[in-house]
Amino acid sequence: MNPADGTVIAHVTEADANLVDAAVQAACKALRGEWGRSTVRERAARLRKIADAIEGRFDCFVAAEVADTGKPIALATRLDVPRAAANFRAFADLISTAGLDSYQTETADGKSALNYAVRKPLGVVGIITPWNLPLLLLTWKVAPALACGNAVVVKPSEETPATATLLAEVMQSAGIPDGVYNVVHGFGPSSAGEFLTRHPDVNAVTFTGESQTGAAIMKTVASSVKPISFELGGKNAALVFADCDFDEAVSGIADAVFLNTGQVCLCAERVYVERPIFGRFVEALKLKAEAIRIGSPLEQGTEMGPLISKKHREKVLSYYRLAREEGAQVVTGGAVPLLGSSVDNGFYVQPTIYTGLSESARCVKEEIFGPVSHVAPFDTEDEAILMANDTKYGLATSIWTSNLKRGHRVAPQMNVGITWVNCWFLRDLRTPFGGVGLSGIGREGGVHSLNFYSEPNNICIRL
Ligand code: NAD
Ligand code: 6OH
């Protein structure tokens, strides 16, 4: 369904257990063939070809992503599709230069042994991804999995099946052997997602999505003790100190709250502002929110599209109602915009800012995943740190200050996987990415991805 106008754009076949099994068997067969014997150099070259082929069909990928998600064409052009190509190039580079441990070992008899580890693929990796950044998050896992020599079966979100399918065409054109990249479509429970995680020949599962879904997948994979990597939800804080560069902080926070209609796991749904600038900051953020151009994703000037689905809009609107019940002051938004065009049938909501909630309010504790944030004042650095950390999630924080010492002092005290100082969602693909608590298990990115998607085999030779 097109979230921008509620029309059906395509039908997708739901994979049953037999079709999932066929995909897994195709992957097993590929591992026994040419792909299983491939060298690092060959795989790196193929990954670069995939990146080139994505760029060769750039407009197709943008169109598919925009149709599936309703995100503005400018955003898919700037973020999603370039990152997909970058993911393949990054892991082509990383696998080409990655080393592993080696130790010369002295033995009791005065002789020695040589230990060295080699990197082996896991085998068949099941990859399950969400709808918010469908191609970006899928390729973030497919690229390192292929770099390490695995075969994959991917199950994209039922909301956003198109780009994973287009990627299969790209794989063929880039010379990836049949069976190395397989796509199955469908839902999660009692459908393709569960069949994939349950499959005995799937050697590892990597998942990005909701924390609750992560818990369900963990139960399913427990009986076969599969390695897992989970990138889950967030209820991320931003700390704005009075000594920040004010305009830079307002723009940065507006981005951190509203990008992709607030549907980025890293988005800041809790903003804490030092009291001397609180009033001025809230006013400036309100002006930013009200200036966002909401509209058809196909128009170049559009800055905010709809939410992903009717169901998700109902969830976000239920939090907009709950915020009022919990005693919030509505600074701006809180409703459905009326745009006076065909997009009024789409799943839009207004960018929304609240103040005045208690720190124990559900709207301050639970992930909403929409273009909404609560802004609260703080008086001391210690108080700000305590409030930021008072959550069961732990994905990302951003800190806004011109005091470099403060930035260094506060950043390591954040109970999260990623802290940005004077920026947000600034990515270097070599860095560890992931969360603590309800936000995930494990890290992907750089060598951390290589370590998840491969198994070291230590070889010890008596000299
Ligand atoms: P979701 O958990 O509902 O679905 C994600 C995927 O899991 C889909 O493909 C779905 O079909 C599948 N799935 C659902 N139940 C399953 C089951 N029982 N077994 C196997 N597969 C199952 O998540 P969503 O609504 O698509 O995405 C939004 C959520 O993802 C938010 O919570 C967001 O914070 C999180 N997210 C996290 C990150 C991160 O890097 N930490 C990145 C993006 C999104
Ligand atoms: C979540 O919605 C965004 C995740 C981003 C990444 O995983 C990334 O690598 O940038």
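A residue counts as near a molecule when one of its heavy atoms lies within 4 Å of it. In this predicted model, that rule puts Arg83, Asn132, Leu133, Leu137, Trp140, Glu231, Val264, Cys265, Phe425, Arg427 and Phe433 around ligand 2. Local features need pLDDT of at least 70, side-chain atom pairs count only at pLDDT 80 or more, and totals for chains, interfaces and linings use all residues, while side-chain values use heavy atoms, with hydrogens and water left out. Residues are numbered from 1 along each chain as its sequence is written, with chains lettered from A and ligands numbered from 1 in the order in which they are written.

Sorted by class, the shell around ligand 2 comes out as 7 nonpolar, 1 polar and 3 charged residues (Ala, Val, Leu, Ile, Met, Phe, Trp, Tyr, Cys and Pro are nonpolar, Asp, Glu, Lys and Arg charged, and the others, Gly among them, polar). Polar contacts are pairs of N or O atoms within 3.5 Å; within protein, one must be able to donate a hydrogen and the other to accept it, and residues adjacent in sequence count only if both atoms are side-chain atoms. The side chain of Arg427 puts an N or O atom 2.6 Å from an oxygen of ligand 2. For Arg83, a polar side-chain atom sits 2.8 Å from a ligand 2 oxygen, and for Asn132 the side-chain distance to an oxygen of ligand 2 is 2.8 Å. Of the 300 Å² that ligand 2 exposes when taken alone, the protein buries 99% (accessible areas by the Shrake-Rupley method with a 1.4 Å probe; for residues, only the protein chains shown count as cover).

On a 1 Å grid over the protein atoms alone, a cavity is a set of points where a 1.4 Å probe fits but cannot get out, and a pocket is an open set with protein on both sides within 12 Å along at least five of seven lines; lining residues have an atom within 4 Å of a point. The lining of the largest cavity splits into 9 nonpolar, no polar and 3 charged residues, with Leu136 and Leu266 among them. Helix α5 (residues 134-147) gives the most to this lining, with 3 residues (helices are DSSP runs of H or I, at least four residues, and strands runs of E, at least two, numbered from the N terminus).

Ligand 1 has 29 residues around it, the closest being Lys155, Glu158, Thr213, Leu232 and Glu367. By class these are 14 nonpolar, 9 polar and 6 charged, and α7 (192-198), β6 (204-208) and α8 (211-222) each supply at least two of the shell residues. A side-chain N or O atom of Trp131 is 2.8 Å from an oxygen of ligand 1, a backbone N or O atom of Thr129 is 2.9 Å from a ligand 1 oxygen, and a polar side-chain atom of Glu231 lies 3.1 Å from one. Taken alone, ligand 1 exposes 850 Å², and the protein buries 93% of that.
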